[in-house]
Amino acid sequence: MDEDVIPILRVEDAARAVAWYRRLGFTPRWEHRFEPGFPLFVEIARGRVRLFLSEHEGDAVPGTLVYLRVRDVDAIAEAFGVPVEDAPWARETELRDPDGNRLRVGTPAE
C-alpha cells in the first residue's frame, strides 16, 4: 500500500458538494453513514487525488484551503469563469466550494 494524505473538507450537504466537485473532474468512490439520518461521509477522486467530504461537524473547519495541482488550470478557470494569475511557481486560480472551502488550483511553472 502506498502512503498518502487525504484532506477532509467540512460540507453541509454532501450531495450538493459532490455535484460541485464533479465540475472539477472528481467522482464519488464511496460513502458512509452510521445509520439513516446521520451525517454523510464521502470519498471523491480525480485520478490519484482524493478528498473526503464530511457532514460531521467535528471533522474539519469550514474555509479550509487545499492546493490542487492540475495539468491545465486554464480549462478549469474557463469552466468556472474565474481569472488565472501567473506566480513564479505556477499559473493559479482560486475557487470556493458551496461550503466556503477554498481550492487553489495551479499548473506548475516549467
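I start with a rule: two strands pair if DSSP finds at least two bridges between them. Helices (H or I, at least four residues) and strands (E, at least two) are DSSP runs, numbered from the N terminus.

**Ground rules.** The model is predicted: local features need pLDDT of at least 70, side-chain atom pairs count only at pLDDT 80 or more, and totals for chains, interfaces and linings use all residues. Residues are numbered from 1 along each chain as its sequence is written, and side-chain values use heavy atoms, with hydrogens and water left out.

**Confidence.** I checked pLDDT, the predictor's confidence in each residue, from 0 to 100. Its mean over the chain is 95, and 100% of the residues reach 70 or more.

**Strand 5.** I looked up its partner. Strand 5 (residues 65-69) runs parallel to strand 8 (residues 102-108), with five bridges between them. Leu65 stands opposite Arg102 in strand 8. Next I asked which side chains of strand 5 are buried. Buried means under 20% relative accessible area, exposed over 50%, and partly exposed in between (1.4 Å probe, protein chains only). Val66 and Leu68 point to one face and are buried.

I traced four strands in the order 1-4-3-2, with mixed pairing. Strand 1 (8-10) and strand 2 (27-32) are the edges, each pairing on one side only. Strand 2 pairs with strand 3 (residues 41-46) in the antiparallel sense over five bridges. There, Thr27 stands opposite Ala45 in strand 3.

**Helix 1.** The buried residues of helix 1 (residues 14-22) are Ala14, Ala17, Val18, Trp20 and Tyr21. They line one face of the helix, because they fall within an arc of 160 degrees seen down its axis. The arc is that of the directions from the helix axis to the C-beta atoms.

**Salt bridges.** I counted a side-chain nitrogen of Lys or Arg within 4 Å of a carboxyl oxygen of Asp or Glu. The count comes to nine salt bridges. Asp99 and Arg16 form one of them (2.7 Å, N to O). Asp99 lies in the loop between strand 7 (90-96) and strand 8, and Arg16 in helix 1, so the pair ties together parts 83 residues apart in sequence. Asp99 is buried at 14% relative accessibility, while Arg16 is partly exposed at 38%.

Arg91 has a salt bridge with Asp74 (2.5 Å, N to O). Arg91 also forms a salt bridge with Asp86, the closest N and O atoms being 2.8 Å apart. Asp86 is exposed, at 60%.
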